[in-house]
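Have the viewer open as you read.

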Amino acid sequence: MWIDTHCHLDADEFDADCDAVVARARAAGVTMLVMPTGHVDDRAKASGIAHRYGFAYALGLHPLWIGDALEQDIGRLRDAVRESLDDPRFVAVGEIGIDLFEPRNVPRQEWFFREQLRIARDFGLPVIVHVRRSADLLLKHLRRIEVRGGIIHAFNGSTQQADQFIARGFSSDSGVR
């Protein structure tokens, strides 16, 4: 049994061939896909795909896509999470994080990351964290706002950093053990 812990199957690029993509994944032995959203407005589409195929989804504001996000989107996200708690296909807060590969709006990324961590903490949910050249900064915030662990995505840090994430209940989709 294979689980794809990070798939943006709700992206518009998959609209034309979603059934074929899912068929290829299942033929390869993938039995579960988790779709983290990039914005709270993506909830309906991700939830619909998750229910259609028996997959899972997460709700969050992606660090590279927060340029147009509003601070009130955090309140909208909190409401969407609350409304999704009874949905068995809803599994986490994500995709959240900080991206220093393209270091734009870092203070803004940090603010959105912290606020989303608080949402996950308040509802007892794991998180799907985007980590590109930002492991130490993310760990700083995770020490201050503890969450239920989750998945580390796009990790490119050191073994020592990986060990710190693992100690906090995280696994990686990058093959780090």
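Which handedness does the crossing of α4 and α5 have? Right-handed, and the points below start from there. Do keep in mind that this is a predicted model.

1. The α4/α5 pair. Helix α5 covers residues 135-144, and its axis comes within 10 Å of the axis of α4, the two crossing at roughly 35°. On the α4 side the contact is made by V106, E110, F113, R114 and L117, and on the α5 side by L137, L138, K140, H141 and L142. Sorted by class, this contact of α4 with α5 has six nonpolar residues, three charged ones and one polar one.

2. The α3/α4 pair. Helix α4 (residues 106-123) also packs with helix α3 (residues 72-84), here at an angle of about 25° and with the axes 11 Å apart. Angles under 35 degrees count as roughly parallel, so α3 is roughly parallel to α4. The crossing of α3 and α4 is right-handed.

3. Who touches whom in that pair. From α3 you'll find I74, L77, R78, V81 and R82. They meet a set in α4 made up of W111, F112, E115, Q116, R118, I119, D122 and F123.

4. A cis peptide to look at. Most peptide bonds are trans. The bond from G94 to E95, though, is cis in this model, with omega near 20°. E95 sits in strand β4, which spans residues 90-99.

5. A positive phi. Most residues other than glycine have a negative phi. N105 has a positive one, near 55°. As for where it is, N105 belongs to the loop between β4 and α4.

6. The largest pocket. What volume does the largest pocket have? About 150 Å³. Its lining consists of H8, D10, A11, D12, P36, T37, G38, D42, K45 and W65. By class, the lining of the largest pocket divides into four charged, three polar and three nonpolar residues. Among the lining residues, D10, D12, D42 and K45 are the charged ones, if you want to pick them out on screen.

7. For α3 and α4 the angle is about 25°, and for α4 and α5 it is roughly 35°.

Key:
Residues numbered from 1 in each chain as written. Predicted model: local features only at pLDDT ≥ 70, side-chain atom pairs only at ≥ 80, totals over all residues. Heavy atoms only, no water. 1 Å grid on protein atoms, 1.4 Å probe; cavity = no way out; pocket = protein on both sides within 12 Å on 5 of 7 lines; lining within 4 Å. Points joined across faces, edges and corners; volume = space filled by probe spheres on them. Axes fitted to C-alpha atoms, helices over the stretch in contact; angles between N-to-C directions. Helix = DSSP H or I, 4+ residues; strand = E, 2+ residues; numbered from the N terminus. Parallel < 35°, antiparallel > 145°, perpendicular 65-115°, else oblique. Left-handed = near helix turned anticlockwise from the far one by under 90°. Contact = heavy atoms within 4.5 Å.
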